[in-house]
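Me: Could you take a close look at one part of this model for me, the nonpolar core, and walk me through what sits around it?

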Amino acid sequence: MSAPRTVRLGEMPSLSKLYVNAAATAARRRVLGAQSGSELPGCGHEVRGVTAGVGNLTAYQHLVGETASDVLPAGFIHALAFPLAMSVMNREDFPLPLLGMIHLSNKVVQSVPVQFSEALDIRAWAENLRGHRAGTQLDLVAEVRGAGEDTLRWRGVSTYLAKGVFLPGIDKPSAAAAPGDFTAPDPTALWQLGVDTGRAYAAVSGDFNPIHLSVLSAKALGMRRSIAHGMYLASRALADVGAAKGDAFSWDVVFEAPVFLPARVALDISTVQDDDGAWLRSDYVAWSPRSGRKHFSGSVASLK
Amino acid sequence: MPDNGTPAPGAMTTPAAATQLRKAVVVGGNRIPFARTGGAYTKSSNQDMLTAALDGLIARFGLQDERIGEVAAGAVLKHSRDFNLTREAVLGSALSAETPAYDLQQACATGLETVLGLANKIKLGQIDSAIAGGVDSASDAPIAVSEGLREVLLDLNRAKTLPQRLQVLSRLRPKDLAPDAPNTGEPRTGLSMGEHQALTTAQWKISREAQDELAYNSHRNLAAAYDAGFFDDLMTPYRGLSKDSNLRADTTPEKLAGLKPVFGKNLGAEATMTAGNSTPLTDGASTVLLASEAWADAHDLPKLATVLDGEAAAVDFVHGKDGLLMAPAFAVPRLLARNGLGFGDIDFFEIHEAFAGTVLSTLAAWEDEEFCRTRLGLDGALGSVDRAKLNVNGSSLAAGHPFAATGGRIVASLAKMLHAKGQADGRPARGLISICAAGGQGVVALLEAH
């Protein structure tokens, strides 16, 4: 689907204001019982001429295990575009409550690398509102281009679930997909994630969602402890794949059991090569070495 | 003047028969611009910068997924977590993950020593290709905890019971919490490198004007080299920098003369060393691609210069017998003698400018009959270096000096200059590299146009 009509914002929205506004909206809707319908906003948001802060970039790269190169990591671009995506979900006419949304999966296509010094035009919109056995899901699409350019550099599709929210006119899928049995392979890496993991990623990504920050703030939103950001985990897996992925690649992740902090996470990365030994893709899966539950899985694949 | 080309007496060693050895050639190099400390690379680690320089080299010579024979690099200021710095940089680069690597450290001679060690392996046929390099960050320098805190922490780890732990902790004093920052002081003398050089500068009666002139020429030559595009195929930009940030293309002898002395103010003699004629603390990284001729040919890559020979020397500086940075004065005549060469056979002199005083003291020593006879065992003065052949594209005073990265900067630049010159007097053009290092050491090398 192509981008709908866009509203151009003067600057990148502030995530902290968006979260405060989302909380206020949630409270208002609870009191008034108002719903904003069963349709996604008819327009997206756009900000032009966005540049990355180099200090923030370096801190991000060091946190997720990337070397501090001049090329923006694909996960950093996600973080750069995230406030814009949030602002779409924060619109008055957005039909689902923003707070408490669950990130189900994420797909990124990094087609042309982005240098840190480049100014970028970023667009974001919501699409594909549909049922889920546990609520309602939708896709948040973000596209990144060089300022004033037509060529798409980076495209991300984040699928979110509003758990327990069922909108009139949107049917649940008839059969819930049965979760496949997961048997943990031998790990290739073991991550030790400290209790401050969420705060550290919030500091470099700007995503100060309370469920990631502390036990207390997470409990206020119904979590028993704080959980790691999904995109932090996926970005570390991407960094782990390393230079083999080259300049142009796709990067998918599906999130399953959340990672409650602190945690140990086991990871397996397996490389798939063609007959000539050239890299085709790296598949990764992460799980809890204690419970054996799968946390997330995905793939980084060549676009060639 | 001595008879150029005559081997000096006292040359005890002879080069290994060249016919038995392969040639090790310099294919090219890549570095990131050098940045003054606290500048563009403040938050970049040694591993980040070395990887950036390495990835630029890989891109320039098409080495993606290539298994290189060996990579050697190092850093002078190094975090303990960077014990495998070079191998980690290789793993983070586009080279094949099956490329082995090792770290080396010989103070400011680190970069040149990696070139010599790897070139020797190529000459012996142990490897066919190699990448030499070095990196340093004075911005992202390691800070250690104090000895007091370190001992308490180690004992705390060994304590088994709560009372034992409390007893260990009770030894902690407020002063133990002050961190230990690295410094450039010599462990045995407590003098900084600048203070040591100030002693040597005074000993050789090097004038303030001569030092400022050398510094001025360094900036002028480096600026001209940039203008001529000399660094276009020797450098990749990093963190927004595309030129060495220490370069002052518009500096003048007057501006340099106006600076206040910073070293040697308490030595009695006139203080002559300023921030203008001393190198600043700098961040940066450099790499050099070395190969056998066959490997370079098979990969359709250039062969700029041959690594002919190298020599290390050290001086007894601790009680002032020689200046801290004077070891190259001893290494160069030994290297020239072993190869049957004199100053007249050299077309480019690359003498690392730790301080202008270092270069000028070394040149003065080689012109001094007494020194050359009594200390170098020569018949007379070694000779004068033609200033028109000295650091012709600038050196450390202008470019800056990220300690371990300087050797790679010089080798790559010199190889390019030799290749461009080709022949001189009916023989391949030759270049001499001289690098002084902490601990009273020095490493020197001879390169020849291929």
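Reply: The largest nonpolar core takes in 139 residues, and Val26(B), Leu290(B) and Leu447(B) have the most contacts inside it. Keep in mind that this is a predicted model.

Let's stay with Leu290(B). Setting aside neighbours within four places in sequence, Leu290(B) is in contact with Ala24(B), Val25(B), Val26(B) and Val27(B), and also with Val115(B), Leu118(B), Ala119(B), Ile122(B), Ala130(B) and Ala132(B). Apart from this core there's another, of 73 residues, including Leu57(A), Val141(A), Val285(A) and Phe296(A).

Val115(B) is a handy link to the helices. Helix 3 of chain B (residues 110–123) packs on helix 14 of chain B (residues 406–421), with axes 5 Å apart and an angle of about 55°. Because of that angle, helix 3 of chain B counts as oblique to helix 14 of chain B. On the helix 3 side, the contact uses Thr110(B), Gly111(B), Leu112(B) and Val115(B), while helix 14 brings Thr406(B), Gly407(B), Gly408(B) and Val411(B). Sorted by class, that's three nonpolar, five polar and no charged residues.

As for where the chains meet, ten residues of chain A are in contact with 14 of chain B. The chain A side of that contact splits into three nonpolar, six polar and one charged.

How far to trust all this? Chain B has a mean pLDDT of 93, with 95% of its residues at 70 or more. Residues 1–11 of chain B are below 50, though the stretch has 29 contacts in the model beyond near neighbours in sequence. For the model overall, ipTM is 0.87 and pTM is 0.91.

Methods. Residues numbered from 1 in each chain as written. Chains lettered and ligands numbered in written order. Predicted model: local features only at pLDDT ≥ 70, side-chain atom pairs only at ≥ 80, totals over all residues. Contact = placed C-beta atoms within 7 Å. Nonpolar A, V, L, I, M, F, W, Y, C, P; charged D, E, K, R; others polar. Axes fitted to C-alpha atoms, helices over the stretch in contact; angles between N-to-C directions. Helix = DSSP H or I, 4+ residues; strand = E, 2+ residues; numbered from the N terminus. Parallel < 35°, antiparallel > 145°, perpendicular 65-115°, else oblique. Core = buried A, V, L, I, M, F, W, Y, C linked by C-beta atoms within 7 Å. Buried ≥ 20, exposed ≤ 12 C-beta atoms within 10 Å, placed from the backbone. pLDDT = per-residue confidence, 0-100.
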